[in-house]
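The sequence and the model are shown first, and a description by topic follows.

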Amino acid sequence: MPRIGVFVCQCGNNIAATVDTKKVAEEMGKLPGVVYTCDYKFMCSSPGQEMLRQAIKENKLDGIIVSACSPHMHEKTFRKAAEGAGLNPYQCEITNIREQCSWVHHDKTKAAGTVKSIDLTRMTIQRLKKNQPLKKIKIPVKKKAMVIGGGIAGIQAALDIAEGGREVILVEKEPSIGGNMARLSETFPTMDCSQCILTPKMVEAELNENITLYTYSEVEKVDGYIGNFTVTVRRKSKYVDEERCTGCGECIEKCPFKVDSQFELGLNKRKVIYTPFPQSVPNVPVIDAPNCTKIQKDKCGACAIVCGPKCIDFKMEDKLVTEEVGAIVVATGYQNMPNERFGEYGYGRIKDVISGMQFERLASSSGPTGGEIRRPSDGKIPQSVVFIQCVGSRDEKKGVSYCSKICCMYTAKHTKLYSHKVHGGQSYVFYMDIRSGGKRYEEFVRGAIEHEGAMYLRGRVSRVYEKNGKIMVQGADTLSGNQVEIEADMVVLATAVVSRDGADTLAQRLGIGYDKYKFYNEYHPKLKPVETVTAGIYLAGTCMGPMDIPESVAQGSAAASKVLALFSADEMAREPITSVVNRTTCNACWDCVTACPYTAIEREAIKDRQGNVVRWVAKVNDGVCQGCGVCVAACRSKSIDLKGYTDEQVFAAINAF
Amino acid sequence: MSGHTEHSAPTGGYEPKIMAFVCNWCTYAGADLAGTSRMEYRPNVRIIKLPCTGRIDPLFIIKAFENGADGVLVSGCHPGDCHYTTGNYHARRRWIGFKHLMEFAGIDMRRLHFSWVSASEAIKWVDLINKVTDEIKALGPFMEYKGLKATEAEQG
């Protein structure tokens, strides 16, 4: 016979006003197996908890019910108190008689509330009788992390994890880390030179003993679960031995072929053997195989001839490496919406219509013009520049419905850079609204308008066309109500921030969610901004949606702190609410395998002594199982049960209805 | 062990008993919110909390009727909002098949309700309970199944 104790909380007057707690306790005392009942003013208070512990010890209780507030409120409190008295915490159950009873049934005669409380408590008692003591699951944790994406968010995450004393593998798709930030000229609102603040961090990441850089590499496959991921990374062939290369650059100099530079967004050429930009980390060139005549046609090979350390190998192949890590930070960043979609602004048709990112390159002192603003068509200095904001953003028809958040600020920055570099030049900005929320952001935009002469026009541009060597920009100024036509030498489009190509594929490999724009979903938009639904995988930066550099950096650090917290113990304790298979009755139909949203169920072979497979059964991986119970309801042979919510427990509650 | 407290509301007369199977993350939290917002609804519902609507075995519903429920309610996260990504889709699919079976068995489908109530939809929860209670009250006690358990016990 079980020895159950029932504790009915009055919660001051919160429950007692509409529930006769004394009567509930008395009624429960009549049930078989219930050996102790009481009602008390505040069960959650220290004296209340002490009373609970005393009662457990004195009455040798093997299970307790606390009829009080929602389990979401104090289940943990009471389970901890029960554990303090030597009871298995999962032998403590809560009946919700406040949020779902006393607070919603205002009957002052207490009739309805009392009856309902009695019913609910009785159901919980019968359920409790079927409870099994459970133990928290301990999962060993591999104290090594992987960061996917070597932009500023990823670099920050990797550095913070490394500084916390843990090993990190930083995986970057491009030949160099740095990401989008490496392209920027100056950054708002401080006008710091982007390279000057970024490159030291890149070098730090390269030199840190705890960080392994995998550049020119992509994540191919992810297996496992929190604490125990196995990640396969494809290390694309660079055709240059990273270990031996000294980064002298002789090969780049001697390479006779030039193609458009992706890093410079087509504004400049690069060699076929190249580093994306002069400050690349690692400073190891790669060969662009599709354009290399040696690799394609076995002609040339100039780079190999001049290479001192002989580190060029035209036969090099991609390598697949497998890494075991305990946590993954995803920081894959963003790209700009292709401008080709906006024919009305003349992009692709008119050479001097460029994107904001291309303007960054023109303004950058390491860019194709050495920091002088010169138009791409003829290299002349533009005397008037029109900036068009919200190109694709906040435009459900042609682009995306969201605001790209950073464009208002970088356009203001562009007008400032332009006025600093081209004295006497006039800039015009077509905007919808100016969104400059952020520390010193509004002042920055006001400065551009009031002190640096940028002409802001509220309205949209309808047409951009060429006339007598000028770019004519037609638009509306909705504040004055006039149509305007501006003769410009150059037009800059603030194109929308969108997710990376292939973001969905990576999400599927990782088992994390993404929205309709393929931005990754955080676990909770307010309270868990860097976690994902998949335990052990964290997010940082613009792979989640548009954000600026400070936010990306903050998120990189936040994700790193989550990783370090996870790594702080050798084992991770988890709630033991997981599914368990009855191996004797499982008939291997695999319905559970198909139903499981977490791929937590594996196929296990049962072998005889000779090692021959006798039959197959399902096996639940406790590390991956999240305890939803979908498999339990899917099982045809009733061979899976969910600990904490077993069929027996649920039926006992229903039968006590 | 069925205790089934017979009770009458202050106004007297027949009061139906309704069993609700709800998920822990959306509807249970929504019902909690109704409480913290001090809303009021009919006291006829008894909630059984499950991690996810995907955990619901159709037998739970049959057992509820067998134990004297006059109506059964199932509610979980909205499609696409499942805490476990896809659990409620499983529940929905299972529900469609199960509904036909229940209809075939001659159960009045007005006694069975399926809804989505999110953690913020306290008002929807309140309206739902009131609506379902009133509907089932109008239908009267569900006698067909109530007898079943007794017969079974006699034979067994």
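## A buried helix in chain A

The buried residues of α6(A) pack against β6 (144–148), β7 (167–171), α7 (194–207), β10 (211–214), β18 (327–330) and α15 (549–567) of chain A. The model is a predicted one, in which local features need pLDDT of at least 70, side-chain atom pairs count only at pLDDT 80 or more, and totals for chains, interfaces and linings use all residues. Residues are numbered from 1 along each chain as its sequence is written, while chains are lettered from A and ligands numbered from 1 in the order in which they are written.

Helices (H or I, at least four residues) and strands (E, at least two) are DSSP runs, numbered from the N terminus. A residue is buried if 20 or more other C-beta atoms lie within 10 Å of its own, exposed if 12 or fewer, and partly exposed in between, with C-beta atoms placed from the backbone. Two residues are in contact if their C-beta atoms, placed from the backbone, lie within 7 Å.

Helix α6(A) is largely enclosed by the rest of the structure, because 11 of its 12 residues are buried. Among these buried residues are I152(A), I155(A), L159(A) and D160(A). At 1.5 Å a residue, the 12 residues of α6 (residues 152–163) of chain A should span 16 Å, and the end C-alpha atoms are 16 Å apart, which agrees; the expected span is 1.5 Å times one less than the number of residues. After α6(A) comes G165(A), with a positive phi near 90 degrees.

## Chain A as a whole

Chain A contains 18 helices and 34 strands. Of its 657 residues, 49% are buried. Taken along the principal axes, its C-alpha atoms fill a box of roughly 95 × 75 × 40 Å. Among contacts in chain A with a separation of 6 or more, 70% are between residues 24 or more positions apart.

The domain assignment, whose bounds come from an automatic or database source, divides chain A into domain 1 (4–129), domain 2 (144–332 + 534–567), domain 3 (334–498) and domain 4 (579–655). The centres of domain 3 and domain 4 of chain A, taken over C-alpha atoms, are separated by 59 Å.

## A hairpin and a loop residue in chain A

Strands β11 (residues 217–225) and β12 (residues 228–235) of chain A run antiparallel and are joined by 8 bridges; two strands pair if DSSP finds at least two bridges between them. D223(A) has T230(A) in β12(A) as its bridge partner. The hairpin of β11(A) and β12(A) has 2 residues between the strands, and G227(A) takes a positive phi near 85 degrees.

T369(A) lies in the loop between α11 (356–363) and β21 (384–391) of chain A. This residue counts as partly exposed because it has 18 C-beta neighbours inside 10 Å. Apart from its neighbours within four places in sequence, T369(A) is in contact with L362(A) and R374(A). The C-alpha atoms of T369(A) and K201(A) are 25 Å apart, and the two residues are 168 residues apart along the chain.

## The fold of chain B

Chain B has 5 helices and 4 strands, which follow the pattern β-α-β-α-β-α-β-α-α along the sequence. Of its 156 residues, 50% count as buried. Residues 24 or more positions apart account for 82% of the contacts in chain B with a separation of 6 or more.

An open sheet of 4 strands in chain B has the order β2-β1-β3-β4, with parallel pairing. Its edge strands, β2 and β4 (112–116) of chain B, each pair on one side only. Strands β1 (residues 18–23) and β3 (residues 71–76) of chain B pair in the parallel sense over 5 bridges, and M19(B) stands opposite V72(B) in β3(B). Helix α1(B) packs on the sheet and touches β1, β2 and β3 of chain B, its direction making about 115 degrees with that of β1(B). Axes are lines fitted to C-alpha atoms, for helices over the stretch in contact, and angles run from 0 to 180 degrees between N-to-C directions.

## Where the chains meet

In the interface, 42 residues of chain B are in contact with 44 residues of chain A. On the side of chain B that touches chain A, α1 (27–36), β2 (45–50), α2 (58–66) and α3 (87–104) of chain B each supply at least two residues. The largest share of that side, 6 residues, comes from α1(B).

By class, the side of chain B that touches chain A has 20 nonpolar, 14 polar and 8 charged residues. Here Ala, Val, Leu, Ile, Met, Phe, Trp, Tyr, Cys and Pro count as nonpolar, Asp, Glu, Lys and Arg as charged, and the others, Gly among them, as polar.
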